[in-house]
Amino acid sequence: MASSRPRGSSFSRNISSAATSQIPGVKLGPNGTSFLSSGIPDLDQILGGGFTLGSLVMVMEDPEAPHHMLLLRNFMSQGLVHKQPLLYASPERDPRGFLGTLPSPMASKDEKPHERPAEQDSNLRIAWQYKKYLGEQNSEVQRGGKAEYCNDFDVRKPLERHFYSGQRVDCISLRDSPNLVPLLERCAAFSSQISKSDGNITCAGRIAIQSLCSPQCDFSDKDWDMLSFIRTLKGMIRSSGAVAVISFPPSLVSPTFLKRWQHLADTLISVKAIPDEDKELAKLLTGYQDMLGLLSVHKVARINTQVPAILEATTFSIKLRKRRALILECLNQAPVDGSSGSSYGTSSSCSGSSKTGNLDF
Amino acid sequence: MDNSRPNLLEEALVEDGIGSVKIQKRGRVVVVEDCVETSAAFVLHHFLKRSLQPDSSDVVVFIAFAHPFSHYERILRKMGCNLAVQRKNQRFLFLDMLILECPDRNGGEAKEDGLLTLYGEIEKAVEIYSSLEGSRTITIMIDDVSLMEVAANGSSNHMLDFLHYCYTLKAKYGCSLVTLNHKDIYSSANTLPLILQLEYLADVIIKAEPLATGLASDVHGQLTVLNKGSACDLGSSNSKVRNFHFRVKENNVDYFYPGTQT
């Protein structure tokens, strides 16, 4: 196994760093940190490389739509594809059943030609400056040989069974237990398994906890217990090579505690659905029809550095490319009504959507 | 820090009156406040670096709830201060509370014990350091009071006791106390006492806020420094408020008045 190799090389910095990057799915970042892919190439790019190893990622859910599940699914799938250990906790009775809904990576055969259609896309919509820009960035990622660091996932195709049958996949239902102690114990066991040995990560792990404070859990009214759990979990993963993603419905946490939760997060993301027939928003934003929802990045993990990360944009639209791959795009204001621009805008987005339709059906 | 030109933060921290350096030797309580959007951790790093200057013999007792030693070591190394060496030289004591004070959930008694042991450790360290010869200021730093509250399972009474104990160290040994807390947590009335008491005890309050106009890449936020000054002058209150912008860089922080940055 690849995991035994870095252990042997303890004498040279060069070799150990090379070994670290050999761990599937781990990329070296600045300030001695390493990144794990979030499973969404665009999100990795926005966050400057992915989720920082040892960081706690919190996702604020939309109360009405399950958009956080998209993030969780891609995050978990990416880990399984990289053969990383996974711990999944959810308030459902049968958390293992969730594994059957994970998206499958697009086959490499699929992936190669997708570069070209993407280019065609950008040529078609070249009038939109941002398209050109995004296209460049995408190809850059692929040229960098990081194709296997982050896969594109097909949200319509379920992950093949062998990905999660043989591996270290642990599932816990939060519903059974009256408190958080069992979950914490499992997390502790999990993170001790993959803990760093003198700074060298031998293996990266992923912890995904869905809807931590949902009312199905008996402990959902124990604010301090949950905070204490998050704090302890944060301390645990910080010293190990794991990333924890916790999603929670912010409306169920009281305002002062919500702030505490937000402070505890290293990376803070919120997702929002967009109402179906919001005429005003549709007028404001281009490509409104294709949007699934909005994603905002409130905080980016700052480990080993004091400089805050200033993003160019904090809110992005979640879209599906060809109804399969999840992509994030900067928001673009539509041209102001009344000018010739508005008709141009609608025609362009129409042609765009009709084209993708042709490809798929 | 080359003292040729003190930056705005240093200026704001200096107390009024002659021989300010001498007065500074007396312990002070500094409360740093920030919010989700803008972290004020860099102010702690600034204090840490200032206390561990090579030409002084000051000692820092650092109680870490938010980040492990490696995090601070890396940051301070970039600022030109080697924490590992300082730790060896007995000038820097790092108490890692990230996991250490893992509370068991069977009632409040254990919590109190946890804080008591922590205080015992601090007091012991302060006693030892102050018994050594040479004049030195001991600075106690807590990098996240709100996490300490979580560790105490939300018992603000225990927290207040703890902070008052630490405050007595100021009177007894002339320790300085620097704490970081998050202002936006304490918005509702029943959580207010802690932050109010902290602010009351403080000699200097430093608040970090985001710009009202949103994120910018060259201005990371604004800092409000309220220096209550020395209490010896009766009558006129000589507290002063300074307000300026900052930009955090890897090895230092730029402070400037709004609009004066070229």
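**Chain contact, a helix pair and a sheet**

The contact between the chains takes 29 residues from chain A and 31 residues from chain B, two residues being in contact if their C-beta atoms, placed from the backbone, lie within 7 Å. The model is predicted: local features need pLDDT of at least 70, side-chain atom pairs count only at pLDDT 80 or more, and totals for chains, interfaces and linings use all residues. Residues are numbered from 1 along each chain as its sequence is written, while chains are lettered from A and ligands numbered from 1 in the order in which they are written.

On the side of chain A that touches chain B, H9, H10 and strand E12 (291–299) each supply at least two residues; helices (H or I, at least four residues) and strands (E, at least two) are DSSP runs, numbered from the N terminus. The largest share, nine residues, comes from H9(A).

H9 (residues 223–238) and H10 (residues 255–264) of chain A also meet each other: their axes come within 10 Å and cross at roughly 5°. Axes are lines fitted to C-alpha atoms, for helices over the stretch in contact, with angles from 0 to 180 degrees between N-to-C directions. H9(A) and H10(A) are therefore roughly parallel, the term for angles under 35 degrees.

Chain B holds an open sheet of nine strands with mixed pairing, in the order E3-E2-E4-E5-E1-E6-E7-E8-E9; strands pair if DSSP finds at least two bridges between them. Its edge strands are E3 (92–96) and E9 (253–256) of chain B. Five bridges join the parallel strands E2 (residues 59–64) and E4 (residues 138–142) of chain B. The bridge partner of B:Val61 in E4(B) is B:Ile140.

Terms used
Angles under 35 degrees count as roughly parallel, over 145 as roughly antiparallel, 65 to 115 as roughly perpendicular and the rest as oblique.
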